[in-house]
Amino acid sequence: MNKLHPPPPPPPPPSESKDETFIDGWLQQKSKQLPSSENMQRKRQQWYSKQCLFPTHITEASMVDTSPLLSLLHDHAIESDDSSLRHPSDKQTTVDEMRKIASLCATYKTTAIQNKKEFEYKRAVIAKERQSEIELPAKPPDHPEFTPLKPAENVLLAKIHGTNYNLCLARAVCPQRTNNMLKCWKSTDPRVVKALAEQGLDQLMCMEEREAVERCVGQSVQKIMKDIIS
């Protein structure tokens, strides 16, 4: 298997102190300086952009499909320490490598899940205000960066970090091909991407590079399964 080269995590939100989140600082600035709504919108967009491991103009249809790898991690409980394959053998070496990949990329998955739970809870609260008999799901633990967000913002962060997780896995398993895809994405003109998306053709953007990554991921999964089963 290739040497692991996952991308670094996104930079944390800027803040005025170590204990202050970006949202806190942003709200304080709003109350002190009363910036225009346009400035606030721009600052939010800049913060979201910094969370992305991918160019923000790339559409969902252009993203790489890592479902074979995701299924492997899930089906064999490789992301947890209670995998049924924990015994001394060549199989364990393969499982340990996969567990290392999952661990290196886990921050993105965790952030996506946290925001999804935040959204589902906030959506249920809104629904309960209209229909009192609705039961609320378990309230997720308060998080200084996620809890103050609007539901739509939680959805956005869940999508961003879900995509980050897929890219992290792809780059860990197929670093060169994933880097080629990212390089292609960065070279694209946002206006061209938008025009293609409007025609329903955005999946053609960097298709050759994306399919090369997907083939590499698929072949890696086949090799891993062969090692596990044999």
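Predicted model: local features only at pLDDT ≥ 70, side-chain atom pairs only at ≥ 80, totals over all residues.

Is Glu214 buried, partly exposed or exposed? I looked it up: Glu214 is partly exposed, at 24% relative accessible area (buried means under 20%, exposed over 50%, partly exposed in between, with a 1.4 Å probe and protein chains only).

Residues are numbered from 1 along each chain as its sequence is written, and side-chain values use heavy atoms, leaving out hydrogens and water.

Entry: partner of Glu214. I found a salt bridge from Glu214 to Arg210, 3.9 Å from N to O (the term needs a side-chain nitrogen of Lys or Arg within 4 Å of a carboxyl oxygen of Asp or Glu). Both sit in helix H8 (residues 207-229), four residues apart, so about one helical turn separates them. Arg210 is buried, at 7% relative accessibility. For helices I used DSSP runs (H or I, at least four residues), numbered from the N terminus.

Entry: helix H4. Here I saw Glu97 and Lys100 in a salt bridge, with their closest N and O atoms 3.9 Å apart. They are three residues apart in helix H4 (residues 90-130), which means about one helical turn between them. Glu97 is partly exposed at 26%, and Lys100 is partly exposed at 45%.

Entry: Arg44 and Glu153 form a salt bridge at 2.0 Å, N to O. Arg44 is in helix H2 (residues 37-51) and Glu153 in helix H5 (residues 151-173), so the pair ties together parts 109 residues apart in sequence. Both residues, Arg44 and Glu153, are buried.

Last entry: I searched the whole structure and got six salt bridges.

Notes:
Helix = DSSP H or I, 4+ residues; strand = E, 2+ residues; numbered from the N terminus.
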